[in-house]
Amino acid sequence: MKKLILLVAFVITANFSTAQTKVGDVTLPNTVTLSGQEMDLNGAGMREKMWFDLYVGGLYVQTKSKNAETIINADAPMAMKLHIVSGMVSQEKMIGAVNDGFENSTSGKVTANQQADFIKCFNDEIKKEDVFDIVYANGTTTVYKNGKEKGQVAGLEFKKALFGIWLGKKPADKDLKKGMLGS
């Protein structure tokens, strides 16, 4: 009986441990339900700048792919989970990085209103351990901070530009892109 209990405990523990992915000190779930859509972790990695870890990024999709263009162009539910791991990530730095990311991702093709609406989602102070979920579903991108909705931006073209920040030809971080693509 004791062996059976130990075996059951091992199986439960083994199943639980495979239901998560660890990047640095952050543990990401392998499956999430965001905006009513169930998605699987496609891949994850660390955003670094000059040897400093800034945030862990996870890409969640309904159909896994290693092809960045396929993911960027898909009109399907998907999400980015950004878990801030450094106090160096401030509201001002996040807004600057997002603006730079849009420029690199779209050569300025995102409308000023869409970009402004997205930037408003980062108007609050950003602290270490904050988690942003950027979810695309039903033609709209919704941003959540620590589970609370911060804003929405409509349009597939906006979503393509946004996901291009991490997955495009000039990504925010090449190693993070590789990780998110499961490579």
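Q: What makes two residues count as a contact here?
A: Contact means that heavy atoms lie within 4.5 Å. By that rule, residues 24 or more positions apart account for 57% of the contacts in the chain with a separation of 6 or more.

Q: What kind of model is this?
A: This is a predicted model, where local features need pLDDT of at least 70, side-chain atom pairs count only at pLDDT 80 or more, and totals for chains, interfaces and linings use all residues. Residues are numbered from 1 along each chain as its sequence is written, and side-chain values use heavy atoms, leaving out hydrogens and water.

Q: Why is Phe-52 called partly exposed?
A: Buried means under 20% relative accessible area and exposed means over 50%, with partly exposed in between (1.4 Å probe, protein chains only). Phe-52 has a relative accessible area of 44%, so Phe-52 is partly exposed. Of the 183 residues in the chain, 46% are buried.

Q: What makes a set of residues a nonpolar core?
A: Its members are buried Ala, Val, Leu, Ile, Met, Phe, Trp, Tyr and Cys residues, joined through side-chain atoms within 4.5 Å. The largest such core has 37 residues, and Phe-102, Phe-118 and Leu-162 are among those with the most contacts inside it. Helix 5 gives the most to this core, with seven residues; helices here are DSSP runs of H or I, at least four residues long, numbered from the N terminus.

Q: Which residues does Leu-162 contact, leaving aside its neighbours within four places in sequence?
A: Leu-162 touches Phe-102, Phe-118, Ile-134 and Thr-141.

Note on methods:
Helices (H or I, at least four residues) and strands (E, at least two) are DSSP runs, numbered from the N terminus.
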